[in-house]
Amino acid sequence: MRILLRPLRRADTYRGWALAMAGAAFGLPAVAVAFVAALAPGDWARATRWAAFVVLLALLTVAAGALPAVRRLHVRLANRLLNTGLPAPLPRAGSAWSAGIRTTAWLVLHQAVGWALFAGTLVCVTSALVFTGVWIGGGDDITFFNLSVHIAAGPAGAWTPPVSATALLLGALSSAAATRLLRRAAPALLGHDPDERFAALETQIRELEQRNLLARELHDSVGHTLTAATVQAAVAGQLLETDPAAARRALTAIEESSRSALDDLDHVLGVLREGRAPTTPEHTLADLAPLLDRLRHTGTDIDARAEGDLTRLPAAVSREAYRIVQEGLTNALRHARHAPVTLRVTAADDWLAIELSNPLPERRIPRAPRPRGGRGLTGLGERVRLLRGEFTAGRDARKERWRLAARIPLRPVS
């Protein structure tokens, strides 16, 4: 008995009933148009009019199934009322014929189930109300769907409440069965076909790549700024009494770099929330001078020299090269503090070479970093390899200096 009563307690039963009724209502305009057209004046036989009605109804249903808006509407209805979790149809993905055929099949099934459930609900509810109402009213003979039924008054007619309850239960079971049928058919008829699934997978991969890129950009930008700000704060604390002007310059540099980091953080978080690609211009090697100036404000001596025309580099190479230099300088500042840094950037015809080195502290010789999921030096290596380049980072042969070197091809590598 609990199994039979379970559909009455499930909200899905009533939501599925609402979806089925929506299918019946959706088919009303097509039925009305086909019916009016079939009743047009003329000497048509009854069979011809019925055939015309069926043909017109089929054509209108196929035409509705070919509309992308109709498919989107039914996907939203199924997700809301059946909890199917269907993905939204992708524009210009998959076969239009396949989508149209499957949408038409869904419309036919949806409307058929809707009309059948509407008729069943009408019969069940009407039976329950009429039987119980006549019995309470003192009994009578009634004709119900061409069936003559005598309902006696008093105890002799006490069978009507159980029959009414059974009719309502049958209506609920019919709604539950219709809900299960529509829920099972929805993924096959309204879900993505193989081409759409492939397109959706490609889109998801691009989004994940973009998010990974944004996370890497955030690490490079904010990590660099925090490292520089930490060193600058230490310098300001040391010079606060002996050289207030230099301390003020260090504090000003902290303010400027922190504001820039906050802008970067706000931009990246906004992109991640909205799911859109970044539209603000990214730093390139043309922005190398301001980067070096910020590092020099920390008291670090940077010997930087660039050879070749850095403004004519491919945009992708120039952006990645800037991040390589930024991360390399940040690591030197973090591990070697005020040790002098040497930077060489050379743009030749076929290659862009970047070399950055600094002496290692006597008491603290850093080891090669462990992989950290695309951050730090591991992230730099990934950047360079994506550009078909070469990347090395580690101690030199004498183990006296830390050296970072990258060579990126400016032309396709054969």
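**Entry 1: ring pairs**

How many aromatic pairs does the count come to by this rule: rings of Phe, Tyr and Trp (its six-membered ring) with centres within 6.5 Å? I get 2 aromatic pairs. For the geometry I call planes under 30 degrees apart stacked, over 60 edge-to-face and the rest tilted.

A note on the ground rules: this is a predicted model, where local features need pLDDT of at least 70 and side-chain atom pairs count only at pLDDT 80 or more, while totals for chains, interfaces and linings use all residues. Residues are numbered from 1 along each chain as its sequence is written, and side-chain values use heavy atoms, with hydrogens and water left out.

I looked at W115 and F118 and found ring centres 6.2 Å apart with planes at 90°, so this pair is edge-to-face. The two sit 3 residues apart in helix 5 (residues 96-136), so about one helical turn separates them. Helices here are DSSP runs of H or I with at least four residues, strands are runs of E with at least two, and both are numbered from the N terminus.

W115 is partly exposed at 35%, and F118 is partly exposed at 41%.

F131 and W159 make an edge-to-face pair, because their planes stand at 65°, with centres 5.9 Å apart. This pair links distant parts of the chain: F131 belongs to helix 5 and W159 to the loop between strand 2 (147-151) and helix 6 (160-190), 28 residues apart. F131 is buried at 10%, whereas W159 is partly exposed at 33%.

**Entry 2: the whole chain**

I stepped back and counted 11 helices and 7 strands. Of the 414 residues, 37% count as buried. I then checked contacts (heavy atoms within 4.5 Å). Among those with a separation of 6 or more, 71% come from residues 24 or more positions apart.

**Entry 3: the cores**

Which residues have the most contacts inside the largest nonpolar core? My list reads L285, L288, I324, V325, L329, L343 and L352, in a core of 35 residues. By nonpolar core I mean a set of buried Ala, Val, Leu, Ile, Met, Phe, Trp, Tyr and Cys residues joined through side-chain atoms within 4.5 Å. Elements giving two or more residues to this core include helix 7 (194-239), helix 10 (315-336), strand 4 (341-347) and strand 5 (351-359). Helix 10 gives the most, with 8 residues.

Next I traced the pairing, taking two strands as paired if DSSP finds at least two bridges between them. Strand 4 and strand 5 pair antiparallel over 6 bridges, and a hairpin joins them through 3 residues. Here R344 stands opposite E355 in strand 5.

Strand 5 also runs antiparallel to strand 7, with 9 bridges between them; P359 has R401 as its bridge partner in strand 7. Strand 6 (residues 390-395) joins strand 7 by 6 antiparallel bridges, where T392 partners A405. Strands 6 and 7 form a hairpin with 5 residues between them, and K399 in the turn has a positive phi of about 60°.

Beyond its neighbours within four places, L356 touches residues including V325, L329, L343, W402 and L404.

One more find: R407 lies over the face of W351, 4.0 Å from the ring centre. My rule for this puts NZ of Lys or CZ of Arg within 6 Å of the ring centre and within 35 degrees of the ring normal.

Most residues other than glycine have a negative phi. N83 is not a glycine, yet its phi is positive, about 55°. I place N83 in the loop between helix 4 (68-82) and helix 5.

Definitions and conventions. Buried means under 20% relative accessible area, exposed over 50%, partly exposed in between (1.4 Å probe, protein chains only).
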